[in-house]
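I opened my notebook to write down what I looked up, one entry at a time. Come along and check each entry with me.

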There are 2 protein chains.
Amino acid sequence: MQRVVRFEELDEFDLETDICVVGFGGAGASSAWEARMAGSEVTVLEQSSAGGGSTMMSACEMYLGGEGGTALQQELGFADSTENFTNYLKACFGDNLDEERVAMYTQGGPEHFAWCEALGVAYKRGYFPGRDVVAMTGDSLQFTGNERSWPFTEVAEPVPRGHLPADADHRGGQVFMSTLLQRVEELGTDIRVDARARQLVQDKHGRVRGVIAKIDNKPFAIRTRQAVILTAGGFVMNEQMTRQHLPRYYPIDNPHGNPGDRGDGILMGVAAGGHAINMGEAFICIAHYPPPELTFGIFVNSQGQRFINEDIYLARLGHYASEQQDKKVYMLIDNEHFARPAYQEHIEITAVGETIEEIETDAGFPPGALQATVQYYNEHAACGEDPLFHKAKDWLKPIASPPYALVSYSLDHLKPAIFTLGGLDVKPTGEVLTPDREVIPGLFAAGRTVAGIPRTAKGYASGMSVGDATFFGRRAGRQAAALDRS
Amino acid sequence: MQRVVRFEELDEFDLETDICVVGFGGAGASSAWEARMAGSEVTVLEQSSAGGGSTMMSACEMYLGGEGGTALQQELGFADSTENFTNYLKACFGDNLDEERVAMYTQGGPEHFAWCEALGVAYKRGYFPGRDVVAMTGDSLQFTGNERSWPFTEVAEPVPRGHLPADADHRGGQVFMSTLLQRVEELGTDIRVDARARQLVQDKHGRVRGVIAKIDNKPFAIRTRQAVILTAGGFVMNEQMTRQHLPRYYPIDNPHGNPGDRGDGILMGVAAGGHAINMGEAFICIAHYPPPELTFGIFVNSQGQRFINEDIYLARLGHYASEQQDKKVYMLIDNEHFARPAYQEHIEITAVGETIEEIETDAGFPPGALQATVQYYNEHAACGEDPLFHKAKDWLKPIASPPYALVSYSLDHLKPAIFTLGGLDVKPTGEVLTPDREVIPGLFAAGRTVAGIPRTAKGYASGMSVGDATFFGRRAGRQAAALDRS
């Protein structure tokens with residue numbers, strides 16, 4: 001299927017509007033809101049029968065901070081400078097950082113949080129200090145990534161930036177999105193569900209002038225006076241694309257997203273001259289906590305070597321686990337701290353023993369290798385030190401109360417949750433760029449349809465994807481609405 | 001710049017031909033040869049002032065085998081079954097393997113080598129058994145990759161597959177390409193140099209019908225009756241693309257290729273509906289040999305841990321070095337085997353000492369970590385064993401003759417040679433595919449413009465890129481020439 005049709009060759013349109021937003025998840029709804037607020041006529045196309053997207057399925061944590069801190073951070077006593085936040089994101093994404101985008105994000109955090117509250121979403125002035133994926137205490141502020149872990153602690157002051165709707169447990173996405181969708185509707189947005197956008201309409205000069213959707217199994221052509229905004233999610237549900245772009249993780253047994261994450265937005269954008277980048281990167285989750293005491297264990301590879309500080313965020317573990325030569329990793333833990341991880345069903349107990357030597361032999365490690373690792377670790381842990389990977393003192397204790405367990409967290413049986421981090425190259429305004437980084441007139445994108453702030457699992461933190469999608473979705477809507485109509 | 005123009009909107013063409021080949025390197029010349037042999041009229045566009053491409057700059061080693069072995073392999077006493085070759089390639093590229101492509105390649109090796117010889121390129125019936133990047137003995141057959149290293153030895157019988165023009169030292173590319181270019185010319189091919197292809201011509205149904213080039217600074221439109229074949233190399237010279245797709249290696253101080261490797265072919269193919277895949281992968285060279293005795297050293301990361309068997313191929317080392325947390329790696333070697341690597345200028349001596357402890361302290365390793373690594377290594381090396389990474393016995397000897405040197409091979413100062421391994425998704429016939437894996441009529445591609453056999457540095461071996469480019473270049477030319485003319 002050709003994903004772009006020539007404007008000059010179309011005779012008539014079924015609808016004319018200022019802006020057409022493709023996809024009604026977090027990014028799409030945020031851009032529709034801004035575009036309507038700025039006075040544009042907006043039609044939203046949603047391929048499923050209701051809005052919400054992957055944001056609605058998430059806890060809707062947003063990773064926000066900077067400029068001294070959001071209202072929530074400040075009221076709970078946490079200052080967060082733009083510089084500190086920027087340093088943290090630099091350490092997270094390194095070579096891969098989009099500096100312009102980060103500058104806008106680290107300056108706009110407090111305003112974005114204020115917008116969330118103004119929509120009518122409640123955030124509780126409570127800070128959860130523990131180590132968990134999502135606070136189950138009803139509190140709205142928590143650490144969600146690698147802020148308290150080495151090497152991040154070397155460059156940035158740890159500040160909690162996970163902003164979670166109040167008392168939502170894991171259902172923050174429903175709380176947030178039902179509110180946002182309602183607001184967008186109240187603004188008089190034309191919302192069409194069961195409407196899958198299939199093709200962009202582009203004129204001979206390259207300007208995007210509309211969309212062709214499939215509604216009631218028939219083509220439905222929309223002419224846009226200002227812009228099309230692609231917010232159709234990532235591509236984790238697209239078998240062909242995951243095979244081609246994420247061979248490291250393919251086949252993906254546990255795709256994290258909604259069924260519409262088939263890459264439609266990315267593919268339409270590329271067909272119109274856009275540039276798909278970062279396509280080989282994905283979020284990959286190995287949830288080795290909660291319970292937090294599992295952090296007292298150590299991870300080793302097939303050589304019996306440690307490769308990470310165990311107090312890191314789950315996606316950082318996923319990243320490094322996938323880089324081990326045979327993708328096999330194991331947690332060694334003693335009886336005092338043994339537990340089953342709450343969210344990781346598919347672990348396997350490889351060996352249990354009264355001594356490390358017994359475990360080593362049973363599991364087939366190189367002779368002496370695991371023993372040497374444990375001896376080195378224990379010796380320093382006893383002094384509150386981890387010379388290799390600098391795990392924080394709070395999680396250091398010799399592994400010394402038998403029996404011991406070796407638990408496999410290897411990728412071949414783990415079925416880790418995965419979603420994609422590659423997409424269209426866009427300006428922070430959402431304008432879609434060609435490979436020469438020229439703007440494609442009339443085309444915007446946001447959310448996981450673009451390569452946004454989070455670019456690798458190595459530096460990911462919960463809340464970065466929803467934070468990025470809603471923050472830059474708004475900017476795309478605003479920028480599109482400022483265009484001349486024609 | 002729009003990289004595709006609409007056929008229906010063009011009034012006239014400057015030239016009409018059956019096939020236009022974009023780029024006159026190894027892939028382009030091979031496809032032109034086949035297309036002419038099949039009776040098609042062929043125009044070749046070369047952006048520089050002479051043909052040759054990156055193949056001409058290389059040693060022109062070709063990685064060939066299978067079907068019992070090439071004439072060279074067989075005459076030198078090496079049998080190489082298709083199954084054995086396939087098993088090796090599977091171990092090299094794993095999840096990333098293009099099975100259809102590999103099947104064709106492992107069956108067609110002997111015929112392809114016969115073609116090379118029939119062109120008039122001489123290959124000497126001599127086998128070089130040593131460990132070197134390119135045999136300097138004039139011999140034409142050698143091991144070039146990880147064939148004799150773990151874990152490859154577990155799945156495939158080691159067979160040498162590097163086929164090198166005779167007595168060429170590092171100038172095999174000149175020997176081979178000057179012959180091939182001459183043959184292509186003799187066949188009456190219309191060759192245009194200083195002619196950079198800029199845009200594809202595509203009709204409203206998606207069929208590619210020509211190319212627009214820039215010649216004498218003016219547009220020059222070519223209408224093709226059969227096909228356009230994109231063989232314009234990779235993108236290592238494209239600043240924007242390397243920044244976006246290879247952030248891990250950016251900036252690339254030592255791009256390995258010709259100045260025309262700007263991604264033109266990939267970008268034109270994508271503009272016509274093609275799908276760029278594997279874009280984040282590249283060949284990266286850390287040439288830690290020759291001299292071969294450097295293989296007696298051990299590589300460690302900043303934690304003082306070994307991470308690889310040191311008898312592996314240089315690109316596999318490059319791959320794993322780039323995955324270490326801070327991209328820092330060091331070789332520890334004793335006085336008996338110390339030497340400077342022949343091809344890696346930018347190494348730095350980090351520490352020298354009479355004891356490992358002294359080195360460890362001077363270099364700032366975690367206390368005891370390097371000592372533990374060396375003790376474990378030495379203890380087993382003395383018995384001819386490497387329980388961690390299974391370095392071959394020939395390269396195992398305790399590191400025990402002081403003084404010792406620690407040599408940094410870290411990426412930040414090493415300036416490793418790099419070229420790109422991502423490109424268009426194509427069938428083994430060279431037909432360019434859309435993201436839905438539908439064929440784009442009239443469009444073919446080969447060489448580093450496509451994602452070919454070699455897909456990651458981890459499994460690369462010298463000769464795979466030129467082997468793939470010429471082998472599949474030929475198939476693209478043949479397939480294109482079989483199309484109806486219109």
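Is B:C60 buried or exposed? I looked it up: B:C60 has 28 C-beta neighbours inside 10 Å, so B:C60 counts as buried. The rule I used calls a residue buried if 20 or more other C-beta atoms lie within 10 Å of its own, exposed if 12 or fewer, and partly exposed in between, with C-beta atoms placed from the backbone.

A note on ground rules: this is a predicted model, where local features need pLDDT of at least 70, side-chain atom pairs count only at pLDDT 80 or more, and totals for chains, interfaces and linings use all residues. Residues are numbered from 1 along each chain as its sequence is written, while chains are lettered from A and ligands numbered from 1 in the order in which they are written.

**Entry: positive phi.** I found that B:C60 is not a glycine, yet its phi is near 60°. B:C60 lies in the loop between α2 (53–57) and β4 (62–63) of chain B. For such labels, helices (H or I, at least four residues) and strands (E, at least two) are DSSP runs, numbered from the N terminus. I then turned to A:R437, also not a glycine, with a positive phi of about 65°. With 12 C-beta neighbours inside 10 Å, A:R437 counts as exposed.

**Entry: cis bonds.** I noted a cis peptide bond between A:P290 and A:P291, with omega about 0°.

**Entry: a helix.** I picked α6 of chain A, residues 172–186, which has 15 residues. It reaches 21 Å from first C-alpha to last, close to the 21 Å expected; the expected span is 1.5 Å times one less than the number of residues. Its buried residues include A:F176, A:L180 and A:V184. Just after α6(A), I saw A:G188 take a positive phi of about 80°.

**Entry: two chains.** I laid chain B on chain A with an RMSD of 0.0 Å, by a turn of 180° and a shift of 0.0 Å along the axis. That is the relation of a two-fold axis. The superposition is by least squares on the C-alpha atoms of residues with pLDDT of at least 70 in both.

Where they touch, I counted 37 residues from chain B and 37 residues from chain A; contact needs C-beta atoms, placed from the backbone, within 7 Å. On the chain B side, α7(B) gives the most, with 4 residues. I also noted that 100% of the interface residues of chain B are interface residues in chain A too, so the copies meet through the same surface.

Technical notes
Contact = placed C-beta atoms within 7 Å.
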